[in-house]
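This report walks through one protein model, moving from a turn between strands to a pair of helices and then to a group of rings. Please keep the sequence and the structure in view while reading.

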Amino acid sequence: MNLVKQYIIALTNLYGMVHKDKIAKIYNRQNTEPVSPEEIEEMSTELDDHFIYLQDEYFVHETILEHELMEEMLMKKGDKPYYVPSKEELLKYVDEWYFEKNKEYQALVNYVKKNFLKNDPEKAEEVCEDIQGILAFGFNMQAVMDVFNSKKISFTDLDQLNEVTGLVTELGNNIRIWENNGHTPEEIFENYEKPNMKPLPKKPFDFNKTNVIDMNSKKNIGRNDPCPCGSGKKYKKCCLN
């Protein structure tokens with residue numbers, strides 16, 4: 001298969017939808033023979049068998065078009081950075097069923113094998129692949145539980161249910177998803193959201209004080225001070241509520 005075509009397929013499978021200019025940029029960064037966005041666009045007629053279509057200069061996976069999610073997906077993607085793996089890793093995404101079997105996925109597989117399907121490791125893998133597929137399109141714990149129910153898997157007690165829920169949550173936080181441009185939720189938080197969060201105050205909040213200011217006196221109003229509305233009640237018994 002033509003290498004440029006492989007890049008279009010792999011990047012669309014990884015991102016859900018990707019602009020032709022972005023494909024050219026990534027391709028040219030990883031290869032010596034450059035390709036133009038126009039040359040990439042010309043290959044759009046060769047991708048129907050891979051469920052990928054050109055729409056407004058974006059190569060879009062059929063799933064997004066079928067459910068009319070293109071505008072919504074663009075909004076969710078926003079200006080999030082793109083996850084760009086090495087060339088070797090990237091080309092694995094030519095297979096639309098490929099996904100990273102990371103440590104969180106392996107932890108879930110091992111748990112299912114040990115606790116539910118000791119004698120059927122292949123079925124255990126199938127269960128976890130189904131769960132991974134659900135999480136890749138949005139965290140839905142009810143849909144995950146439906147997978148267990150469909151495989152006739154039941155939990156012995158609440159502790160076991162909590163253990164499974166914890167493993168599924170960990171996997172959901174570390175799965176590559178379209179709306180994050182291939183990043184995992186954990187990567188987006190740690191690398192792009194967490195650094196911009198304001199630190200919590202060093203001193204605990206004093207609930208006997210407030211940040212409300214009386215516009216007449218220009219002083220902070222305490223919980224036990226007269227309410228500035230003029231009711232004659234204490235602030236905590238009046239407008240604070």
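Asp 56 has its place in the loop between S2 and S3, where strands (E, at least two residues) and helices (H or I, at least four residues) are DSSP runs numbered from the N terminus. The model is predicted, and therefore local features need pLDDT of at least 70 and side-chain atom pairs count only at pLDDT 80 or more, while totals for chains, interfaces and linings use all residues. Residues are numbered from 1 along each chain as its sequence is written, and side-chain values use heavy atoms, with hydrogens and water left out.

## The strands and their turn

Strand S2 (residues 52-55) pairs with S3 in the antiparallel sense over 4 bridges, and two strands are said to pair if DSSP finds at least two bridges between them. Strand S1 (residues 17-19) also pairs with strand S3 (residues 58-61) in the antiparallel sense, over 3 bridges. Tyr 58 in S3 stands opposite Gln 55, and Tyr 58 also stands opposite His 19. The hairpin of S2 and S3 has 2 residues between the strands, and Asp 56 has a positive phi of about 50° there although it is not a glycine. With a relative accessible area of 60%, Asp 56 is exposed; the terms used here are buried for under 20%, exposed for over 50% and partly exposed for values in between (1.4 Å probe, protein chains only).

A positive phi is also found at Asn 181, about 55°, although Asn 181 is not a glycine. Asn 181 is found in the loop between H10 and H11, and it is buried, with a relative accessible area of 2%. Asn 180 lies in the loop between H10 and helix H11 (185-193) and counts as buried at 6% relative accessibility. Leaving aside residues up to four places away in sequence, Asn 180 touches Lys 80, Pro 81, Pro 185 and Ile 188, where contact means heavy atoms within 4.5 Å.

## Two helices, H7 and H8

The 13 residues of H7 should span 18 Å at 1.5 Å a residue, and this agrees with its end C-alpha atoms, which are 18 Å apart; the expected span is 1.5 Å times one less than the number of residues. H8 has 15 residues and reaches 21 Å from its first C-alpha to its last, close to the 21 Å expected.

In H7, the residues Glu 104, Tyr 105, Leu 108, Val 109, Tyr 111 and Val 112 are buried. They cover an arc of only 160° around the axis, which puts them on the same side of H7, the arc being that of the directions from the helix axis to the C-beta atoms. An α-helix has 3.6 residues a turn, so residues three or four places apart point the same way. On the other side of H7, Lys 103 and Lys 114 are exposed. The cover over the buried residues of H7 includes H8, H9 and H10.

In H8, the buried residues are Ala 124, Glu 125, Val 127, Cys 128, Ile 131, Gln 132 and Leu 135. They too cover an arc of only 160° around the axis, which puts them on the same side of H8. These buried residues of H8 pack against H7, H9 and H10. Gly 133, which also has its place in helix H8, counts as partly exposed at 25% relative accessibility.

## The rings

Rings of Phe, Tyr and Trp (its six-membered ring) pair if their centres lie within 6.5 Å, and planes under 30 degrees apart count as stacked, over 60 as edge-to-face and the rest as tilted.

| Pair | Centres apart | Angle of planes | Kind |
|---|---|---|---|
| Phe 116 and Phe 155 | 5.8 Å | 70° | edge-to-face |
| Phe 148 and Phe 155 | 5.4 Å | 65° | edge-to-face |

Phe 116, in the loop between helix H7 (103-115) and helix H8 (121-135), and Phe 155, in the loop between helix H9 (141-150) and helix H10 (158-173), are 39 residues apart, and their pair links distant parts of the chain. Phe 116 counts as buried at 18% relative accessibility, whereas Phe 155 counts as partly exposed at 23%. Phe 148 counts as buried at 1% relative accessibility. Together with Tyr 111, the residues Phe 116, Phe 148 and Phe 155 form one aromatic cluster.
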